[in-house]
Structures are given as C-alpha cells and as structure tokens.
Amino acid sequence: MIEFWTWNTPNGRKISVALEEMGLPYTVKPVNISKGEQFDPHFLSFSPNNRIPAIIDPEGPDGRPISVFESGAILLYLAEKTGRFLPRDLRARVQVLEWLMWQMGGFGPMPGQVHHFLMQPDGPAKEYGFNRYHAE
C-alpha cells in the first residue's frame, strides 16, 4: 500500500485524486505544515525539499520500495506505474505533458500566492498581492 504524505492543500489533493482514479491502495500520512512537521527528519529523508506531497511505494520498480516527492514527479510516476493517463503515442503524450507543466508552473502556484497574500495584514501589500495573483 502506497504511503501518501500530505496535508489538506490543493497540491496534496491532486495526488489523492490520481490515486483514487488509478485505483491504487494508499494510506494517508498527515504532515501538519502549520506545525512545521514538514521539517521532521524522517519526512526530510524522503522529501528533502520539505514540501508535501510525497509518496513511498513499497512495490516500486523491480519490486523494491521507492519514494517520490514533488507533485508533478509523483503524477508521472503513478501514470507510468499504472499505464493510465499518460499515452504511449508521442503526439498524445506531448499534450498531456503540456497540461501537466502548465498546471505545475502556471495554475498550480497561483492559489498558493493568493492565500499567502490573504494572510497578510490589511494594506497595500495585501491588496497588491491579492489583485495580482487572483487575476492570474
């Protein structure tokens, strides 16, 4: 059973959606990022960038365990593992990769920026940040 290390964030949710859609058994291992649990040495041993999500698959390549961090890498790994949602045909595969990269570098970070600025005290910085990233 895959260990899914995450917290209740949009970045974590996309992996849970993929695991469900792919029909893979998993167990959720909460990492409370508001309490700094992402800096725990055990978590850092397989997610060295101290970010959620991360997974540990005990049945990785060649039947040996593997850990994967970063949501894009996790999604690609799971797609390769299951043979789902990543076409073998190069033309179709490029289209999937384009949308994955857009999500990772474009849409994905924007809600995080909006929420960051929403937590700021009222004033010009909060207004600027909210308007800038909400418009994206």
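**Reading the model**

Q: How many salt bridges does the structure hold?
A: The structure holds three salt bridges, a salt bridge being a side-chain nitrogen of Lys or Arg within 4 Å of a carboxyl oxygen of Asp or Glu. This is a predicted model, in which local features need pLDDT of at least 70 and side-chain atom pairs count only at pLDDT 80 or more, while totals for chains, interfaces and linings use all residues. Residues are numbered from 1 along each chain as its sequence is written, and side-chain values use heavy atoms, with hydrogens and water left out.

Q: Which residue forms a salt bridge with Lys 81?
A: Side chains of opposite charge can pair when their charged atoms come close. Here the partner of Lys 81 is Asp 57, with 2.8 Å between the closest N and O atoms. Lys 81 belongs to helix 3 and Asp 57 to strand 3, so the pair ties together parts that are 24 residues apart in sequence. Helices (H or I, at least four residues) and strands (E, at least two) are DSSP runs, numbered from the N terminus.

Q: Is Asp 57 buried or exposed?
A: Buried means under 20% relative accessible area, exposed over 50%, and partly exposed in between (1.4 Å probe, protein chains only). Asp 57 has a relative accessible area of 2% and is therefore buried. Lys 81, at 34%, is partly exposed.

Q: Which residues are linked in a network of salt bridges?
A: The network links Glu 80, Arg 88 and Arg 93. Between Glu 80 and Arg 88 the closest N and O atoms are 3.4 Å apart. Arg 93 and Glu 80 meet at 2.6 Å, N to O. This second pair links distant parts of the chain, with Arg 93 in helix 4 and Glu 80 in helix 3, 13 residues apart. Glu 80 is partly exposed at 37%, Arg 88 is exposed at 61%, and Arg 93 counts as buried at 17%.

Q: Which residues touch the most other members of the largest nonpolar core?
A: In soluble globular proteins, nonpolar side chains tend to be buried together. A nonpolar core is a set of buried Ala, Val, Leu, Ile, Met, Phe, Trp, Tyr and Cys residues joined through side-chain atoms within 4.5 Å. The largest one has 16 residues, and Ile 15, Leu 19, Ile 55 and Leu 78 touch the most other members. Strand 1 (2-6), helix 1 and helix 3 each give two or more residues to this core. Helix 3 gives the most, with five residues.

Q: What is Leu 78 in contact with, leaving aside its neighbours within four places in sequence?
A: Contact means heavy atoms within 4.5 Å. With those neighbours set aside, Leu 78 is in contact with Ile 2, Ile 15, Ala 18, Leu 19, Met 22, Leu 24 and Ile 55. There is also a second, separate core of seven residues, among them Val 31, Phe 43, Ile 52 and Ile 56.

Q: Which residues of helix 3 are buried, and what do they pack against?
A: The buried residues of helix 3 are Ser 71, Gly 72, Ile 74, Leu 75, Tyr 77, Leu 78 and Ala 79. They pack against strand 1, helix 1, strand 3, strand 4 (66-69) and helix 4. Just after helix 3, Gly 83 takes a positive phi of about 75 degrees.

Q: Why do the buried residues of helix 4 line one face of the helix?
A: An α-helix has 3.6 residues a turn, so residues three or four places apart point the same way. In helix 4, Arg 93, Leu 100 and Gln 103 are buried. Seen down the axis of helix 4, its buried residues fall within an arc of 90 degrees (taken from the directions from the helix axis to the C-beta atoms), so they line one face. The face turned away from the buried side carries the exposed residues Leu 90, Arg 91, Glu 98 and Gly 105. Cover for the buried residues of helix 4 includes helix 1 (10-22), helix 3 (71-82) and helix 5 (109-118).

Q: Where does Ser 47 lie?
A: Ser 47 is in the loop between helix 2 (41-44) and strand 3 (54-57). At 0% relative accessibility, Ser 47 counts as buried.
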